[in-house]
Amino acid sequence: DLDLSHLGNFTPIGGAFSESGIVSGNNVFSGTFDGRGHTIRGLTMTFSESSRAHAGLFGSVGSDDPADPAVIRNLMKEVDLRGQFSDVYTMGALAGQVSGYVIIDEIALLSGSVTAASGGSTLGVGGLIGQIRTNTDTGCTNEGVYITDVYCGLQVEGHSTDVTGALIGRIRASDLGELSRVVITGQARTGEGKGRAVCGGDSVPAVSENV
């Protein structure tokens, strides 16, 4: 297990700054992270940026290769993620954004919050992931994203009801491949009222079971 409370402020794995919907290149995590059932505690991040930012344990997660997807699995977390932005941003406890071919499996977000302060333009604020969006010019869609066996107990606060979700802030441009075996006990709310229980945006999970 890791206690990161002494760090005070954590920089997302892969970096925070990149374009939306990218699947490769700088500041995109495309490897495999296996927590082996361990817990990361005391994870605190505070952003106040003028650049396009993707805030979470991982900034941007993606892959353009169906035979070699990005993988995050077997991890438990306690998190306090806060951000104040003056530019476009996404926020999620696990990842700011996810694109392309990605597997997220056996994740437990035990306690804490994801809070977007005033300012900036939000693309998505969620308990697990801020935004799932794959640019069509990459040759991929969101159908390569699989999310299974997740528990999310976080409190999420955003600004737009349409892109604030207790699990995923926004799914954009195409449907997910799968969302299965998910338990959500947290809440999502905005200045406009209540957020979405699962996700916002113009797209949905193609296969959604036991959520």
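This is a predicted model: local features need pLDDT of at least 70, side-chain atom pairs count only at pLDDT 80 or more; totals for chains, interfaces and linings use all residues.
## Strand pairing at a glance

In strand 11, I107 finds its bridge partner in V150. Strands in a sheet pair through backbone hydrogen bonds, and the pairing can be parallel or antiparallel.

**Strand 8 and its partners**

- Strand 8 covers residues 102-116 and runs parallel to strand 5, residues 70-85, with 13 bridges joining the two.
- One spot to look at is A116 in strand 8, which has G83 standing opposite.
- Strand 8 is also joined to strand 11 (residues 145-152) by seven bridges, and these two run parallel.

- Five strands make up an open sheet, and you can follow them in the order 4-7-10-14-18, with parallel pairing.
- Strand 4 (58-63) and strand 18 (199-201) are the edges, each pairing on one side only.
- Going from one strand to the next, the twist averages 20°.

**Inside that sheet: strands 10 and 14**

- Strand 10 takes in residues 129-133 and strand 14 takes in residues 168-172; they run parallel and are joined by four bridges.
- To see the two side by side, find I132, which stands opposite I171 in strand 14.

Key. Residues are numbered from 1 along each chain as its sequence is written. Side-chain values use heavy atoms; hydrogens and water are left out. Two strands pair if DSSP finds at least two bridges between them. Axes are lines fitted to C-alpha atoms, for helices over the stretch in contact, and angles run from 0 to 180 degrees between N-to-C directions.
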